[in-house]
Amino acid sequence: MRIAFLGKGGAGKTTTSAGFIRYLANKHPFVLAIDADVNAHLKGALHLGKLEGQEYELGEIRNDIIEYLKGERTDLGERPMVGTTPPSLKSRFVKVSPDDTLINKYSQKAGNVYLLTVGTYKEADVGGACYHVKLTGLQSFFHHLLDGPNDLVVADTTAGTDNVATSLSFAYDMNVFVVEPTMKSVKVYLDFLSVAPHLADRTYVIANKVDGEGDAQFIAKHVTADRILGLVPQSKHLKRFEQGKKEALNDFMTEQQPVFEKVFQTWTSKNRDWNGYLTRLKDTHTKVCRDWLDDYFGGVKLDENLDNEFSYKQVIEKSLKELALV
Ligand SMILES: Nc1ncnc2c1ncn2[C@@H]1O[C@H](COP(=O)(O)OP(=O)(O)OP(=O)(O)O)[C@@H](O)[C@H]1O
Ligand SMILES: [Mg+2]
């Protein structure tokens with residue numbers, strides 16, 4: 001299962017993602033954390049001590065990732081595989097496990113939390129790079145991820161409604177908007193709903209930095225009650241922690257806990273519709289090919305004659321059979 005934290009700049013996405021990851025890591029054997037923000041701050045916010053392993057940026061090594069996921073597929077011929085290319089039966093897939101080749105190679109580790117980072121702009125990117133290009137490795141990663149109901153994947157994302165423009169918009173089973181009790185912050189959530197109404201049933205709100213009854217009423221006025229997962233107070237504990245009082249982090253976690261329990265319950269009650277996912281991926285791929293990718297690659301049709309036999313169900317069943325044989 002995959003969850004993303006979204007919202008306006010500074011609303012508390014990274015703080016909330018990091019808190020939720022720590023909450024999960026206390027109760028579950030493995031958590032995959034993903035920093036999908038161009039301003040990569042998740043590692044620092046996790047407060048899990050020194051992370052082991054080399055630091056890779058998925059944005060930089062996107063071609064290696066795509067090459068790996070391509071596996072033995074032949075349907076593409078000479079045509080390139082891109083972030084939205086749907087898998088084939090001969091692709092390589094990823095499992096949410098510390099033993100997975102791709103995850104193990106590219107993540108940094110702190111106990112049972114493994115962290116993948118998309119990474120920031122480089123000097124060479126200035127004026128020339130679109131962040132969406134950096135996200136192609138992550139898009140392909142998600143579209144080849146065979147995660148089941150007990151697998152926990154948590155992403156901290158870029159501010160704003162940007163992810164609607166990529167195939168990441170439907171990659172998550174649940175989107176949680178972190179919303180401050182201000183009109184600007186609420187508007188980012190409402191804008192998302194208006195451009196992506198098809199994602200409304202998987203999109204929720206955590207009201208953050210709520211200071212008193214007036215703030216709670218403001219949120220209740222603008223967000224439908226069944227979408228609100230909870231309220232996190234404007235935390236003096238977090239402030240104390242940021243002033244150097246290490247022990248205050250536990251107090252802040254206690255403040256967040258009831259909300260995280262609700263997030264976890266809601267998230268894990270979702271069922272992935274794999275066929276719906278594949279249809280959406282194919283449609284998105286065709287759209288981006290027609291809009292610009294085909295032209296960009298010299299007029300080839302990147303979405304034609306792809307492996308029609310492919311379904312996620314088949315590869316999941318195959319991998320379950322392989323596990324039973326081990
Ligand atoms: N519940 C809270 N109480 C008090 N301060 C908070 C709370 N949540 C977050 N903050 C503070 O708000 C600031 C912004 O938080 P954070 O970096 O998590 O936001 P963000 O949405 O990830 O920002 P960006 O858009 O820059 O990625 C930080 O200084 C953080 O400590
Ligand atoms: Mg952030």
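Analyst: Start with the ligand, and with one cut-off: a residue is near a molecule if one of its heavy atoms lies within 4 Å of it. Keep in mind that this is a predicted model.

User: Which residues come nearest to ligand 1?

Analyst: There are 19 residues around ligand 1, and K13, T14, T15, S235 and E242 come nearest.

User: Which elements supply at least two residues each to the shell, and which gives the most?

Analyst: At least two shell residues come from each of α1, β7, β8 and α9 (236–242). Helix α1 gives the most, with 3 residues.

User: What polar atoms lie by the nitrogen and oxygen atoms of ligand 1?

Analyst: On the nitrogen side, a backbone N or O atom of S235 is 2.8 Å from a nitrogen atom of the ligand, and a polar backbone atom of P233 is 3.0 Å from a ligand nitrogen atom. For oxygen, a polar side-chain atom of D37 lies 3.3 Å from a ligand oxygen atom. Ligand 1 has 630 Å² of accessible area on its own, and the protein covers 78% of that.

User: Now the sheet. In what order do the strands run?

Analyst: The general idea is that strands of a sheet pair through backbone hydrogen bonds, either parallel or antiparallel. Here 8 strands make an open sheet with mixed pairing, in the order β3-β4-β2-β5-β1-β6-β7-β8. Strands β3 (108–110) and β8 (228–233) are the edges, each pairing on one side only. On average, neighbouring strands are turned by 20 degrees against each other, direction ignored.

User: Which helices pack on the sheet?

Analyst: Helix α1 (residues 13–25) packs on the sheet and touches β1 (2–6), β2 (31–35), β4 (113–117), β5 (153–156), β6 and β7. The direction of α1 makes about 165 degrees with that of β5. Helix α6 (residues 136–143) also packs on the sheet, touching β1, β2, β4 and β5, and the direction of α6 makes about 155 degrees with that of β2.

User: How many bridges join β5 to β1 and to β2?

Analyst: Strands β1 and β5 run parallel and are joined by 4 bridges; A4 stands opposite A155 there. Strands β2 and β5 also run parallel, with 4 bridges between them, and L32 has V153 as its bridge partner in β5. Elsewhere in the sheet, 5 bridges join β6 (residues 174–179) to β7 (residues 203–210), again parallel, with V178 opposite I206.

User: Which way do the side chains of β5 point, and are they buried or exposed?

Analyst: In a regular strand the side chains alternate between the two faces of the sheet. In β5, V153 and A155 point one way, V154 and D156 the other, and all are buried.

User: Where does S17 sit, and what does S17 touch?

Analyst: S17 lies in helix α1. S17 counts as buried because its relative accessibility is 0%. Leaving out residues up to four places away in sequence, S17 touches F5, L42, V154, A155 and D156.

User: What about helix α3: which of its residues are buried?

Analyst: Consider the helix geometry before the list. An α-helix has 3.6 residues a turn, so residues three or four places apart point the same way. In α3 (residues 62–70) the buried residues are I65, I66, Y68, L69 and K70. They pack against α4 (101–106) and α6.

User: Which residues have a positive phi?

Analyst: Most residues other than glycine have a negative phi. Two non-glycine cases here are H47, with phi near 50 degrees, and N305, with phi near 55 degrees. H47 is in the loop between α2 (42–46) and α3, and counts as partly exposed because its relative accessibility is 39%. N305 is in the loop between α11 (274–296) and α12 (312–325), and is exposed, with a relative accessible area of 67%.

User: Where is L278, and how far apart in space are L278 and P86?

Analyst: L278 is in helix α11 and is buried, with a relative accessible area of 7%. L278 and P86 are 192 residues apart in sequence, and their C-alpha atoms are 7.3 Å apart in space. Not counting residues up to four places away in sequence, L278 touches P86, F310, S311 and Y312.

Key
Residues are numbered from 1 along each chain as its sequence is written. Chains are lettered from A and ligands numbered from 1 in the order in which they are written. This is a predicted model: local features need pLDDT of at least 70, side-chain atom pairs count only at pLDDT 80 or more; totals for chains, interfaces and linings use all residues. Side-chain values use heavy atoms; hydrogens and water are left out. Two strands pair if DSSP finds at least two bridges between them. Axes are lines fitted to C-alpha atoms, for helices over the stretch in contact, and angles run from 0 to 180 degrees between N-to-C directions. Contact means heavy atoms within 4.5 Å. Buried means under 20% relative accessible area, exposed over 50%, partly exposed in between (1.4 Å probe, protein chains only). A polar contact is a pair of N or O atoms within 3.5 Å; within protein, one must be able to donate a hydrogen and the other to accept it, and residues adjacent in sequence count only if both atoms are side-chain atoms. Accessible areas come from the Shrake-Rupley method with a 1.4 Å probe; for residues, only the protein chains shown count as cover.
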